[in-house]
Amino acid sequence: MPHATAEFLASVPLFRSLSAEELAIFAQLVRARDYAKGSVILFEDDPGDAFFLVRSGRVKVVLMASDGREVILGILGVGEHFGELALIDGQPRSAHVIAMEPASLYVLRREDFRQRVEQNPAVAWALLLELSRRLRRADEKIGALVLLDVPGRIARLLLEHAAEGDGQLIDRPLTHQTIAHLVGASRETISRTLRDFVEAGWISTERRRIRLLDREALKRRITVRT
C-alpha cells in the first residue's frame, strides 16, 4: 500500500519533483479518509492543522452567505488538493469543503509536513511553486468575474472543465445550479445561456454531460464586456 501511495503522490504536481525516497516518506505520513456524498470535510474557521489531497471523487470549496446562499470557489477532483496554506501559517480555514460524491482523501498533518521541510528544502520549493500556480489561477478567475459578462464566464468555465478530459467532453456532472454558484449568476440565467449555446451549435448536452462542439466560438465569447 505505501508503494501505491507513493506512486499516486508522484502524479500530483505538488510532489512530482520530489525524489523517490522523499515520496516514500510522505507515503508513510499521509492517512486515508473516506467521506460520503454531502459530508462536510471542513467547516469555515476550523483549525488549519492539515492538508488534504483528493484520491477519488470530487469536493467543492464553498462560502456560505448569511442568507444561506452558496458561492462555489472551486471544484476539486483526483490529484487536486486544499488546505495548503495551513501548512505554512496554521490559520483557521477560510471556507467550507463538502464532498460532491463519495470521496477518498489523503490527509497530511501540518507538523509532519513542517518536519519534512526542515529536513529537505526541496519540499518547501515544491510548495512555493504550487502556491504560485494557485495564485495565478485565482487572479484569472477574479479577472473573469470582474471583466466578463455571464455568457463569457460560462464559456470560460466550460473550456476549463473540458480541458480536464479530452478537451471536448465534460464527463463529470455539472448541474445548472453548480454552474450558477461558480460564476455568480442565477440558475435561470445559466439555463437560458446554455440553451443559447446549444442553439448556436457551440455545445450539446447528453444526460447531464456537456460536449463542446465549437471551442473556437466559445473562446471568442470570452471577451471583455463593460
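How many bridges join strand E4 to strand E7? In this predicted model, four bridges join E4 (residues 59–64) to E7 (residues 96–99). The two strands run antiparallel. Val-62 has His-96 of E7 as its bridge partner.

Both strands belong to an open sheet of four strands, ordered E2-E7-E4-E5 with antiparallel pairing. E2 (40–42) and E5 (70–76) stand at the edges. Each has a single partner strand, so one side of each lacks a neighbour in the sheet. On average, neighbouring strands of this sheet are turned by 35 degrees against each other, direction ignored.

The largest pocket has a volume of about 1,400 Å³. Its lining comprises 43 residues. Nearest the pocket centre lie Val-61, Leu-73, Gly-74, Arg-134 and Lys-141. At least two lining residues come from each of E5, E6 (81–82), H4 (86–89), H6 (121–147), H7 (150–162) and H8. H6 supplies the largest share, 10 residues. By class, the lining has 23 nonpolar, eight polar and 12 charged residues.

The second largest pocket has a volume of about 300 Å³. It is lined by 15 residues, of which Arg-58, Gly-77, His-161, Glu-164 and Arg-172 are the closest to its centre. E5 and E9 (169–170) each supply at least two residues of this lining. Seven of the lining residues are nonpolar, three polar and five charged.

H8 (residues 176–183) is largely enclosed by the rest of the structure, because six of its eight residues are buried. The buried residues are Thr-178, Ile-179, Ala-180, His-181, Leu-182 and Val-183. Just after H8, Gly-184 takes a positive phi of about 75 degrees.

Methods
Residues numbered from 1 in each chain as written. Predicted model: local features only at pLDDT ≥ 70, side-chain atom pairs only at ≥ 80, totals over all residues. Heavy atoms only, no water. Buried < 20%, exposed > 50% of the residue type's maximum accessible area, 1.4 Å probe, protein only. Pairing = 2+ DSSP bridges. Axes fitted to C-alpha atoms, helices over the stretch in contact; angles between N-to-C directions. 1 Å grid on protein atoms, 1.4 Å probe; cavity = no way out; pocket = protein on both sides within 12 Å on 5 of 7 lines; lining within 4 Å. Points joined across faces, edges and corners; volume = space filled by probe spheres on them. Nonpolar A, V, L, I, M, F, W, Y, C, P; charged D, E, K, R; others polar.
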